[in-house]
Amino acid sequence: MKYIFYLLPGLLNIVISLFSFITTKRLADAGASSFAVTSAIPTWAVTYTAASFLIGRWASRENAVKLTIFSQIILTGSMIGLLFSTSVDLQYLWLVLSGLGTGLFFVPFQAVVKLFEKEELSAVTFARSTAIYTASWSSGQAVGPLIAALLWGCFDPAYGWRYCYMVCVVIVSIVILTLIIMNKFIRQRLQEERAAQQSSDSVRQSQANTMPDVMLTAWILALGGMLALTAMRSYLPDFATKELALPVSSQGIMLGVLSLTQALTALSCIKTRKWPYRPWGGSIGAAAAVAAMLTLTVAGSSVAAWAATGLFGIFSGIFCYNMTYHALANARHSARYAAVNETIVGSMSILAPLGAGFLADTTNARMPFYLLAATTTLTAVIFIRMLWQHRKI
């Protein structure tokens with residue numbers, strides 16, 4: 001049962017990655033400016049950020065499933081709207097609604113994800129839940145562009161984007177049905193918890209919280225990481241179309257490789273215990289990210305672009321795992337920390353694409369990658385300095 005529930009973030013990220021890629025690619029094909037192309041994701045991110053931040057105040061394990069079902073009803077409406085939008089400019093309107101639908105899902109989901117483990121408060125649970133959850137949504141982000149590459153790039157270059165949105169509607173319908181089934185299971189688990197002795201619960205919590213709260217370091221690393229990740233996801237279709245002249249299929253594979261590497265990196269951390277409290281993983285990942293962005297500035301083929309995005313996926317897998325792990329590990333603040341995590345994702349999805357598009361229009365097409373490499377390095381240095389005292393933990 002729990003593994004079915006873990007599939008839901010993956011399914012939702014297939015939808016997110018599909019409409020993110022389709023909207024930016026359609027704008028690029030229409031000859032829109034780089035700033036206009038990269039404005040698509042911030043349009044979605046504005047409502048996503050607001051919804052994620054506000055829902056953190058009301059989300060609880062008791063109302064989580066109802067909130068997620070409501071979010072998927074909204075998302076269904078936005079996908080139907082995008083399906084029938086022949087005007088590329090009208091996409092911005094439906095992206096606002098899709099931001100609300102997705103923003104109301106992930107915080108409530110994280111509030112109940114630990115209920116599917118035998119022991120809710122333990123280092124083993126934190127590592128396994130984080131690894132599976134991160135690998136799930138990362139895999140979804142990998143599959144989405146690959147679907148676009150097949151249905152749009154190979155099957156129907158003219159109107160294949162419509163088939164992609166049909167897939168989105170089907171996926172969201174499956175998610176809604178799954179949530180309805182899961183609602184009974186979660187109610188049962190909550191009743192079992194309430195029936196358990198409070199003394200034993202407090203003992204487990206005290207045993208689980210022996211490690212320091214270093215959530216701030218995860219946020220620092222994620223600020224630079226998400227800035228680069230969201231900029232690349234929104235700007236790469238424009239860069240690959242106008243500068244590298246890559247076909248749709250190659251671009252879909254490029255973004256798919258990034259997310260696939262991200263998923264595998266997160267999954268490899270499934271048995272970690274002390275690594276999230278040490279500076280080494282984040283610093284190695286940041287070095288890989290800088291190398292990836294510099295490679296993109298000199299890439300001249302699909303293979304080089306795929307290698308660069310795969311290299312960046314190592315870093316994104318590390319910092320995404322890190323921020324989710326600490327949100328779950330600090331049980332008393334899980335909902336609030338998860339809300340901050342999603343707020344960072346949303347806010348960087350607003351700032352990074354707009355900044356990348358503006359830089360590309362006012363300077364040159366490669367300048368965004370140089371600046372992203374510099375900001376990644378800066379946040380990594382701050383991250384290492386803050387965690388240095390825990391290097392031997």
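Me: Before we look at the cysteines, what counts as a disulfide?

Reply: A disulfide is a pair of cysteine sulfur atoms, and there is a distance limit on that pair. The two sulfurs have to lie within 2.5 Å.

Me: How many disulfides does a search of the whole structure find?

Reply: Keep in mind that this is a predicted model. Take Cys 269: the closest cysteine sulfur, in Cys 320, is 11 Å away, which is too far for a bond because a disulfide needs the sulfurs within 2.5 Å. Cys 320 is in no disulfide either, with the sulfur of Cys 269 as its nearest. Searching the whole structure, the number of disulfides found is zero.

Me: Are Cys 269 and Cys 320 buried or exposed?

Reply: Buried means under 20% relative accessible area. Cys 269 has 8% relative accessibility, so Cys 269 falls below that limit. Cys 320 has 2%, so Cys 320 also counts as buried.

Me: Which helix has the lowest mean pLDDT?

Reply: For the chain, the mean pLDDT is 87, and 93% of the residues reach 70 or more. One stretch, residues 201-208, stays under 50, and the model has nine contacts there beyond four places in sequence. Where pLDDT is low, the predicted coordinates should not be read in detail. The highest mean among the elements, 95, belongs to helix H15 (residues 367-387), while the lowest, 49, belongs to helix H9.

Me: How are the rings of Trp 161 and Tyr 165 arranged?

Reply: Both residues lie in helix H8 (residues 160-195), four residues apart, about one turn of the helix. Both are buried too, because the relative accessible area is 6% for Trp 161 and 0% for Tyr 165. Their ring centres are 6.2 Å apart with 80° between the planes, and planes over 60 degrees apart give the name edge-to-face.

Me: What about Tyr 321 and Tyr 325, how is that pair arranged?

Reply: These two sit in helix H13 (residues 302-329), four residues apart, so about one helical turn separates them. Tyr 321 and Tyr 325 are both buried. Their centres are 5.9 Å apart and their planes are at 25°, which is under 30 degrees, so the pair is stacked.

Me: Which residues do ring pairs link into a cluster?

Reply: The count of aromatic pairs comes to 20. Ring pairs link one cluster made of Phe 5, Phe 105, Phe 106, Phe 109 and Tyr 133.

Me: Which residues is His 390 in contact with?

Reply: His 390 is placed in the segment after H15. With 16% relative accessibility, under the 20% limit, His 390 counts as buried. Leaving aside neighbours within four places in sequence, its contacts are Pro 212, Val 214, Tyr 277 and Arg 278.

Terms used. Residues numbered from 1 in each chain as written. Predicted model: local features only at pLDDT ≥ 70, side-chain atom pairs only at ≥ 80, totals over all residues. Heavy atoms only, no water. pLDDT = per-residue confidence, 0-100. Contact = heavy atoms within 4.5 Å. Phe/Tyr/Trp six-rings, centres within 6.5 Å; stacked < 30°, edge-to-face > 60°. Buried < 20%, exposed > 50% of the residue type's maximum accessible area, 1.4 Å probe, protein only.
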